[in-house]
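Student: I would like to go through this model and ask, term by term, what each label rests on.
Tutor: Then let us look at it together.

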Amino acid sequence: MVNYRIAQKGEAHTIAETLIKPCLIDIATCMLDEKFGKALTPLMELRTEVLSFLMDHNVTLGKIMNDVTRLCQFSYLADIFSKMNELSLSLQGRTMTIFDASHKVSAFKRKIDYWAQCTTKGKFECFPIMQAFLEENDEQASTNIVNEIIEHLKQLKNSFEQYFPADREVLLKDHEWVLNPFSVCMKPSSLSSSDYERLIDLTSDLILKSSFNSNAYAEFWLSLKDRSYEGLSEKAKTLFLPFATTYLCESGFSSYAATKTKYRNRLNVEPDLRLQLSKIKPDIAKLCQNKQPHTSH
């Protein structure tokens, strides 16, 4: 932002008035914009310093930073954005399956219900930033604030139900034999009679049980080489194939953007992307041995 201001000015400037002050005003404006949810946590941590600066320069945003009701709302939003960021990070990774993603989203929906119950009782320990703000200022959340939080949590729960409906969870529940075949006591409706008989044979094998306990469930099914269990293994693999999140797509676009810059706009990035997105590490030494070195003249 400082570099942007310098370039925008295009002339000599005094540090205080034409550089530092506008930059700090821009930063405060960005932090107070609803699109910058991630900035709410540092805003609450630095609210005293931000308020002091805004008041010294007669910026109208200073009134907002001195409003207890607005700061209480900010502190709640800082907590809820932080929790949603944690969920988003937990859903990232190459090994994420639809089962893992479903369990995490289901847990988050249950947490929303718990947060609403706590808020109804006037207990805010589930929102540490908000609770710290109230304790620091010896304040109590007003009835309006409590009602706003409860209504926001209801809307948040409805949004999650819309994007992640319960019937999907029921559908996956019928395939939970993939997660732990050794805990299955009744025939799942997703398996035929012959497949269930194979599953009984599999769960009676102590060697396979030991292998399952020492490996992740996806690795267990992928490494199952016995032909008599091939049908079960193939059914399990089809449940690992769907992309649980857009993580791989986004990482691919990020790699593409980092590789093909404006300074390399004519570069064919396909070979480079193949190396960046693959989990197989190239043997550089062996590759170099197969190439003829350029000899000196």
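Student: Where does Pro 242 lie?
Tutor: Pro 242 is in the loop between α14 (230–240) and α15 (247–259). Bear in mind that this is a predicted model.

Student: Why is Pro 242 called partly exposed?
Tutor: Its relative accessibility is 38%. Buried needs under 20% and exposed needs over 50%, so Pro 242 counts as partly exposed.

Student: Which residue is 145 places from Pro 242 in sequence, and how far away is that residue in space?
Tutor: That residue is Thr 97, and the C-alpha to C-alpha distance is 7.6 Å. Gly 93 and Tyr 247 are 154 residues apart in sequence and 6.7 Å apart in space, C-alpha to C-alpha.

Student: What makes Gly 93 buried, exposed or partly exposed?
Tutor: The relative accessible area of Gly 93 is 22%. The limit for buried is under 20%, so Gly 93 is partly exposed.

Student: And how do you know whether Ser 102 is buried or exposed?
Tutor: Ser 102, in helix α7, has 17% relative accessibility. That value is under the 20% limit, so Ser 102 counts as buried. Neighbours within four places in sequence aside, Ser 102 is in contact with Glu 169 and Leu 172.

Student: How many helices and strands does the protein have?
Tutor: There are 17 helices and zero strands. Of the 297 residues, 31% count as buried.

Student: Why are α6 and α7 called roughly antiparallel?
Tutor: They pack at an angle of about 165 degrees, with axes 11 Å apart. Angles over 145 degrees count as roughly antiparallel, and α6 and α7 therefore get that label. The crossing of α6 past α7 is right-handed.

Student: Which residues make the contact of α6 with α7?
Tutor: From α6 come Ile 80, Lys 83, Met 84, Leu 87 and Ser 90, and they meet Lys 104, Phe 108 and Trp 115 in α7. By class, this contact has five nonpolar, one polar and two charged residues.

Student: What makes α6 and α8 roughly antiparallel?
Tutor: Their axes cross at roughly 150 degrees and come within 7 Å. The cut-off is over 145 degrees, which makes α6 roughly antiparallel to α8. On the α6 side the contact includes Val 68, Leu 71 and Tyr 76, and on the α8 side Ile 129, Met 130 and Phe 133 are among the residues. By class, the contact of α6 with α8 has 10 nonpolar, one polar and one charged residues.

Student: Which elements give two or more residues to the largest nonpolar core?
Tutor: That core has 29 residues, and those with the most contacts inside it include Trp 115, Phe 124 and Met 130. The elements are α6 (68–90), α7 (98–120), α8 (128–136) and α9 (143–163). Apart from this core lies another, of 23 residues, with Ile 98, Leu 172, Leu 202 and Leu 224 among them.

Student: What does Met 130 touch?
Tutor: Leaving out residues up to four places away in sequence, Met 130 touches Cys 72, Ser 75, Tyr 76, Asp 79, Phe 124, Ala 141, Ile 145 and Ile 149.

Notes:
Residues are numbered from 1 along each chain as its sequence is written. This is a predicted model: local features need pLDDT of at least 70, side-chain atom pairs count only at pLDDT 80 or more; totals for chains, interfaces and linings use all residues. Side-chain values use heavy atoms; hydrogens and water are left out. A nonpolar core is a set of buried Ala, Val, Leu, Ile, Met, Phe, Trp, Tyr and Cys residues joined through side-chain atoms within 4.5 Å. Buried means under 20% relative accessible area, exposed over 50%, partly exposed in between (1.4 Å probe, protein chains only). Helices (H or I, at least four residues) and strands (E, at least two) are DSSP runs, numbered from the N terminus. Contact means heavy atoms within 4.5 Å. Axes are lines fitted to C-alpha atoms, for helices over the stretch in contact, and angles run from 0 to 180 degrees between N-to-C directions. Angles under 35 degrees count as roughly parallel, over 145 as roughly antiparallel, 65 to 115 as roughly perpendicular and the rest as oblique. A crossing is left-handed if the near helix is turned anticlockwise from the far one by less than a right angle, and right-handed if clockwise. Ala, Val, Leu, Ile, Met, Phe, Trp, Tyr, Cys and Pro count as nonpolar, Asp, Glu, Lys and Arg as charged, and the others, Gly among them, as polar.
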